[in-house]
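Hello,

Please have a look at it first, and then read on.

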Amino acid sequence: TTFLTLSITSIFVAFALPPVYHSEGVVLIEQQEIPSDLIRSTVTSFAQQQVEIIRQRTMTTAKIIQIVDKYNLYPKYRKNNSVTDVASQFKENVFVDMVNASVIDPANGRAKRATIAFKVAFMDESPKKAQKVASELVTLFLDENVRSRTNKAAETSNFLRQEADKLQEKVQLSEVNISKFKA
């Protein structure tokens, strides 16, 4: 009888609750294209750490509220709760999960587990809102990644330019010294 009671209660609760839709996008993580023996990568941390950094930068309260306003999320909840509470509610419906796979390590030829992608998902009672918000979150993650990498590339470019200038000065000084020595 306990099993029957629990089953009936579970069925009633399942039908009484509103449906919740889960929409997600998958972002592939690619390796750097410049060989590491030419230039050491400025990205030295693991993919999961990089994704978490991007998540922290994209999931600010200001950006969350823009999305909440744009898609009119949680209209009843917003009337009675603070902006911080609304942002927390939004974050509870966002999921970022790493996708791992077995890959061959090019350095030693052995199989290992590696993060090859990550999923960004959003849950909502409206399937259209869930899809649109998930899509916007993927775009935010990609945009932040591009911005971050562009900044790092600019820093690397400036560093290399400064080093080239220093070497050019040394070459010119060596040429002057060689000229003096020959004279």
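Which residues have the most contacts inside the largest nonpolar core? Before the reply, please keep in mind that this is a predicted model. The core has 25 residues, and those with the most contacts inside it are Ile67, Leu73, Phe90, Phe122, Val133 and Leu137. At least two residues of this core come from each of α2 (47-58), α3 (61-70), α5 (83-92), β2 (94-104), β3 (111-124) and α6 (127-182). The most is given by α6, with six residues.

Leaving aside residues up to four places away in sequence, Phe90 touches Met59, Ile64, Ile67, Val68, Leu73, Tyr74, Phe122, Val133 and Leu137.

Now for the sheet. Three strands form an open sheet in the order β1-β3-β2, and their pairing is antiparallel. Because β1 (21-28) and β2 stand at the edges with a single partner strand each, one side of each is left without a neighbour in the sheet. On average, neighbouring strands of this sheet are turned by 30 degrees against each other, direction ignored.

Asn100, for instance, stands opposite Thr115 in β3. The helix α2 packs on the sheet, where α2 touches β2 and β3. The direction of α2 makes about 160 degrees with that of β2.

Enjoy exploring, and do write back with any questions.

Best wishes

Technical notes:
Residues numbered from 1 in each chain as written. Predicted model: local features only at pLDDT ≥ 70, side-chain atom pairs only at ≥ 80, totals over all residues. Heavy atoms only, no water. Core = buried A, V, L, I, M, F, W, Y, C linked by side-chain atoms within 4.5 Å. Buried < 20%, exposed > 50% of the residue type's maximum accessible area, 1.4 Å probe, protein only. Helix = DSSP H or I, 4+ residues; strand = E, 2+ residues; numbered from the N terminus. Contact = heavy atoms within 4.5 Å. Pairing = 2+ DSSP bridges. Axes fitted to C-alpha atoms, helices over the stretch in contact; angles between N-to-C directions.
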